[in-house]
Amino acid sequence: MTLDLLDALVFVLTPVPLFWLLLGVTAGIFVGAIPGLSGGMLIVLVMPLTFYMDSTFALVLMIGIYVGSVSGGLISATLLRMPGTPSSIMTTFDGYPMARDGKPGRALGLGIGSSLVGGLIAGIFLVVLSPPLSRWATTFGPWEYFALVVMALVLIAAISQGSMIKGLLAGILGVAVAMPGLNESDGQLRLTLGFHALDNGFDLLPVLLGVFVMSQIIKDALEIEKRAIPLTLGSAPVWMRLADLRRHGMNMLRSSVIGTWIGILPGVGASISSMVAYGVARSVSKHPEEFGTGSEEGIVASETANNANVGGALIPLVTMGIPGSPMDAFLLGALILHNIQPGPLLFQTNKALVWAMIAAYLIGNVAMFLIMTLSVRWVGRLINVHRAYLLPAIFFFCVIGAFALSNRMFDVWVVIGFGVVGFALERANIPLGPFVIGFVLSRILEGQLRSALMSSGGSLDELFTRPIALTFLVVSLAMLAYPLIDPWRRRLRNHAQVKQRRSP
Amino acid sequence: MMSFGKTILAAMSAAAAMAFVAPSGAAAAYPEKPIRIIVPTGAGGAMDGIARIFERAFEEHKILPQRMVVVNMDGAGGTIGTRAIKDAPPDGYTIGLWHNGLVTSAAMGVTDFDHSAFTIIGSTGFAVMGLAVKADGPIDSFKKMIEMSKAQANSVKVAVNIGLPVHFIPLTVASKAGVEMRMVQVGGGAKRLASVLGGHTDVALFSVQEFLKYEPSGLKPINVFSKERAPLVPDVPTAVEMGVDVQATDSRIWLAPKDVPPDRIAYLVEAFKTAMSKPDVKERLEGFGINSNFIDPVTLTEELDRTRAEVVPLVAKARALPQ
């Protein structure tokens, strides 16, 4: 195995594959950083061009795009408060405040370094533990998914800052937006009010583009007369220091494991990886109050997990031919179009190709790190480009990105409509985090619960008899109860101390 | 997801063609501009892959003077895309690709149109389908599945995607065998596979190609729904042999809006037949588990009518919440 991997690494480092990989990573970072454009779109665009390429080179190129695009999102998230990809939403919550406080270089450096570490740790899992992990993943049934999402919800509930009521309101609004459309659980249309355009409900990408990007465009446009305080990267190094590895090592390791694991599960996605890792990091942090105001730990958790997700999602792809994410479904399609049958036998029938894919993933992460670190000073100037030039360009890409999703104008109107919604929510000091989380998680929560109930014939028993599901549930209950118990316990202790002092 | 870049490419190649080749003969030679193929799923799936096989073949083998361009319109169980095909101008420049879900979506009430609202161009092949279980699971044969269901109603769990053929075919089996099986919503193909292999459900519908592909992972076919046994899996009995008269195929159906001029449809049929005669196209279609025979619209319409007649009586059952 080691020999196969070494062979593949050496192969990917020869000029031609390396050229395709670097091209892929660079282009990936580019589309990742532009809100609206995504790595998936780029892969689909290049797919017909790869018909004329050697199949290994084609896969190397696509994996480069995949790795680059997940990482590129952190640039716009940090500098513009606009997540370049859905998976970097959590990065905006801490990256942007940090940049605004005069430390954009530090925020970018942390994000880039964490992306590398997350990618490489997931790479280790991919190389060493692929077959047992993908086996184990199938033990996850609807109850486990349901309990996992409940836990994620509880973890992330903490993200809401300020008013509890406003956080809840935002969450419920998010759930409401997820309601309309064809309901997978019963095959019926729900709340479409007879508009066929609504038959599919509101898609993730246009809603996110609206709430996070379009609303920011509106806000920035209204304040365009105000001279922004010029931000510079300064002379501080953007490299992550060794001390950072020590300080954030535990967080990185934990977030990588979370990201890898969620990556393996089909149909969950990189944005949820980073949400869960962020939530966990916050709940174990010594400074949870810093999250959302420029916490280093928040950036590290989010960016480690979303890159680890890529490696995790490749695991079921290479071992079983099951795509762990939509992007992997594109890779799967590309394999078939190149007359390569994906599936459990891929490792035997196309050993060199599989190892080349893995090697491309590993080297792609390193290449991503180098390219982003070396170009960050140049890219960082983005923040000082006059908004009058920047905003129309971003608007343009948002519109194109939303349209390209399923070639419908409807999605463009969704972006604009939710831009207004997002802007109004922010004006009313209603946090966007819970809105998005309600929107993203409620669909999975409902679908999994209803599947589970269909499977059990309406009984909830299995939720308590299946060990993994029960564990998740107990953890969620404990976390829910903690804020209630903690002050009470403290009061009790204080009370006892007071009593002790009083009694002579 | 494609159309933007592709349209530009197509427009560029069209412009190049116009610049170098003087139009010859008749003024209104069809096609004089690129033809859009609407695929009602996202890029990457089997349906998309098949459309792209033809997109590639038409260009590589220079079968059409114009490009065909795949346009993905994902959503609402394919109905966003099928509706767009139906509502496109009937000029032969918009066609689409879909499967028997056309009939089931109408039966479920998600759409208010079925195959009769289209001009059917034909089918570029079909996949043989069958039920499969986990190799070391409680069920080891089609017979055992029926017996278990007879002994105790709803004791067999079937992983389905509600309202689509993968749901209606097992429902038809249960109804014809006079048993109750528990339908569990699981979702798309990859999820159904994971659900069966993980032991969360007992049975699911797969194509013969998937049987072969996932056998090493522990998937065991128990029957096929073809008329005769499938040559790829000669040991697997048909449902008819097991006394349950269900035949079902998963056809890849090319559609056009109603009222497209017949000469244009005939032109397209010839183009598809030419493409399918190429060995590389055959090989790629087989990669997706497709038996590549061109099936004419008359036969296909009969098949879809038959599916409709089978599915409609089951709708009440399909829509009922499981008890």
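Two strands are taken to pair if DSSP finds at least two bridges between them, and helices (H or I, at least four residues) and strands (E, at least two) are DSSP runs numbered from the N terminus. In chain B, β1(B) pairs with strand β3 (residues 94-98) in the parallel sense over three bridges, and B:Ile37 stands opposite B:Ile95 in β3(B). The model is a predicted one, in which local features need pLDDT of at least 70 and side-chain atom pairs count only at pLDDT 80 or more, whereas totals for chains, interfaces and linings use all residues. Residues are numbered from 1 along each chain as its sequence is written, and chains are lettered from A and ligands numbered from 1 in the order in which they are written.

Strand β1 (residues 35-39) of chain B is also joined to β2(B), by five bridges and with the two strands running parallel; here the bridge partner of B:Ile37 is B:Val70. Together with α2(B), these two strands make a right-handed β-α-β unit, a crossover being right-handed if, with the strands pointing away from the viewer, the path from the first strand over the helix to the second runs clockwise. The strand β1(B) is mostly covered, five of its five residues being buried (20 or more other C-beta atoms within 10 Å of the residue's own, with C-beta atoms placed from the backbone). B:Ile35, B:Ile37 and B:Val39 point one way from the strand, while B:Arg36 and B:Ile38 point the other way.

Chain B is divided into domain 1 (34-126 + 249-312) and domain 2 (128-248), with bounds that come from an automatic or database domain assignment. The C-alpha centres of the two domains lie 26 Å apart, and their contact takes 13 residues from domain 1 and 13 residues from domain 2, where two residues are in contact if their C-beta atoms, placed from the backbone, lie within 7 Å. On the side of domain 1 that touches domain 2, α4 (101-108), β9 (249-257) and α11 (297-311) each supply at least two residues, and the largest share, four residues, comes from α4(B). This side divides into three nonpolar, eight polar and two charged residues, with Ala, Val, Leu, Ile, Met, Phe, Trp, Tyr, Cys and Pro counted as nonpolar, Asp, Glu, Lys and Arg as charged, and the others, Gly among them, as polar.

Between the chains, the contact takes 52 residues from chain B and 47 residues from chain A. Among the elements of chain B that each supply at least two residues to the side touching chain A are α1 (3-20), α2 (46-60) and β2 (68-72), while α7(B) gives the most, with five residues.

How values were computed
A residue is buried if 20 or more other C-beta atoms lie within 10 Å of its own, exposed if 12 or fewer, and partly exposed in between; C-beta atoms are placed from the backbone.
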